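Trainee: Could we go through the aromatic rings here together, step by step?
Mentor: Gladly; have the structure open while we talk.
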Amino acid sequence: MATLLHLLPFLLHLLTLSHAQIDYRFGDSRPLVLLPVTKDALTFQYLTEIRHGSSLLATKLVVDLGGPLIWMGCDSHLGSFSPLRISSGSIQCLAAKPFTTRNRGGDDDGCTLFAENKISQMGRRGVLVEDTLDVVLADEGSKSEDVNLGEYPFLFACAPKPLLNGLAGGANGMVGLGRTRIAFPSQVSAAFSSEWQFTLCLSSSNGVVLYEKRHYGSVFGSEISKSLIYTPLLAGPDDSQTEYFINLKSIRIGGKRLSFDVEHTKLSTIVPFTTMESSIYAIFIKAYEKAAFSMNMKRVEPVAPFRLCFDSKSIKKTQLGPLVPDVELGLQSEMVRWKFHGRNLMMKVSDEVMCLGIVDGGLNLGVSIVLGGYQLEDMVLHFDVGTSMLGFSPSLLKWGRSCSSLKFDSLPVQAL
């Protein structure tokens, strides 16, 4: 109890850091925190870069939508930069639970925790450290500026270098956007004394993660902002509490409803393409093939990892991508539907062939369906973590837009 009382001032500082340190440059405007995202063409991983420490060390990280924390690969001596090592009895270490692990002794009383690379499916013991963080702010006057959060204790895990195996070239860790107090969105929200929320907009090239102070706004204009439909975010299985799940009730292909039960549907930026448990995939792929034949799409030899591929010449082009059977997800009620068109369904594998970008996840997927990164591209996704709601827009191609069209030097803000 004495230790907690001693740490109370720091806890209050952690939770209610005065945002006057941050937005004094923009007066009463509502700044955006920008996390530019690029897509690695070789691995299909989404990457961002953060700068931290007094030297503003640039570090490239893989974006993990459901990741519980930020971790970086560094040696036991913390490499060439010197963040503060967190002790096991600190309030920061308590905030990192349940990811902390028992110290084995000889660790300088450090706060150890479990860091995971979901791509290689490896996990290693790391140490919790803190450092300052540099972010980009933009206001309604269309100007942007780098601002260091100064005293804000940016927490991350320092993990062994072998944990980097499987990450895109140059990546030195992962930034988790999951539902924990030490994930990146929660830490930024605490720094701004703002609501726990963020907006994700991915593309095949450039995208962005946005955080706005107070209420949600859009850099895409009011028409797109008002198009967002909201559905509850659900708690996942016991081993996936940090991930984002939605309540999928039905799937339609070309307007025809499929007959099967779906339990858990997860959103992921780590899985490149939507993945289905084998029994569901078998029903889905059969129905999609039938719908494709009804549109005179010519099937060709499959290209791994895809099962269903077509001659590109047999498919017309539209503003929403290839003209193919659309896929519609019925969420918590039949009134809430999420529709995917050709741009988010067909993957070009050559000039002559395109394939349905949905794959078989086997019998041990762990969940019924994982919505992969390709299906989430060029849509505005608003994660209101505080209220457990997800807002999604139609494809931005409907307005002739793309997530890659966002200009970081000119960001108008329009409230919903």
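Trainee: Why does Tyr288 count as buried?
Mentor: Keep in mind that this is a predicted model. Buried means under 20% relative accessible area, and Tyr288 has 0% relative accessibility, so Tyr288 counts as buried. Phe284 likewise counts as buried, at 0% relative accessibility.

Trainee: How many aromatic pairs are there, and what makes Phe184 and Tyr211 an edge-to-face pair?
Mentor: The count comes to twelve aromatic pairs. For Phe184 and Tyr211, the ring centres are 5.7 Å apart, which is within the limit of 6.5 Å, and the planes stand at 65°, which is over 60, so the pair is edge-to-face.

Trainee: Which parts does the pair of Phe184 and Tyr211 tie together?
Mentor: Phe184 belongs to helix H4 and Tyr211 to strand E13, so the pair ties together parts that are 27 residues apart in sequence. Phe184 is buried, with a relative accessible area of 3%, and Tyr211 also counts as buried, at 3% relative accessibility.

Trainee: Why is the pair of Phe284 and Tyr288 called stacked?
Mentor: Their ring centres lie 6.1 Å apart, and their planes are at 25°, which is under 30 degrees, so the pair is stacked. Both residues lie in helix H6, where being four residues apart separates Phe284 and Tyr288 by about one helical turn.

Trainee: Which residues do ring pairs link into a cluster?
Mentor: The cluster consists of Phe184, Phe198, Tyr211, Tyr244 and Phe383, linked by ring pairs.

Key
Residues numbered from 1 in each chain as written. Predicted model: local features only at pLDDT ≥ 70, side-chain atom pairs only at ≥ 80, totals over all residues. Heavy atoms only, no water. Phe/Tyr/Trp six-rings, centres within 6.5 Å; stacked < 30°, edge-to-face > 60°. Helix = DSSP H or I, 4+ residues; strand = E, 2+ residues; numbered from the N terminus. Buried < 20%, exposed > 50% of the residue type's maximum accessible area, 1.4 Å probe, protein only.
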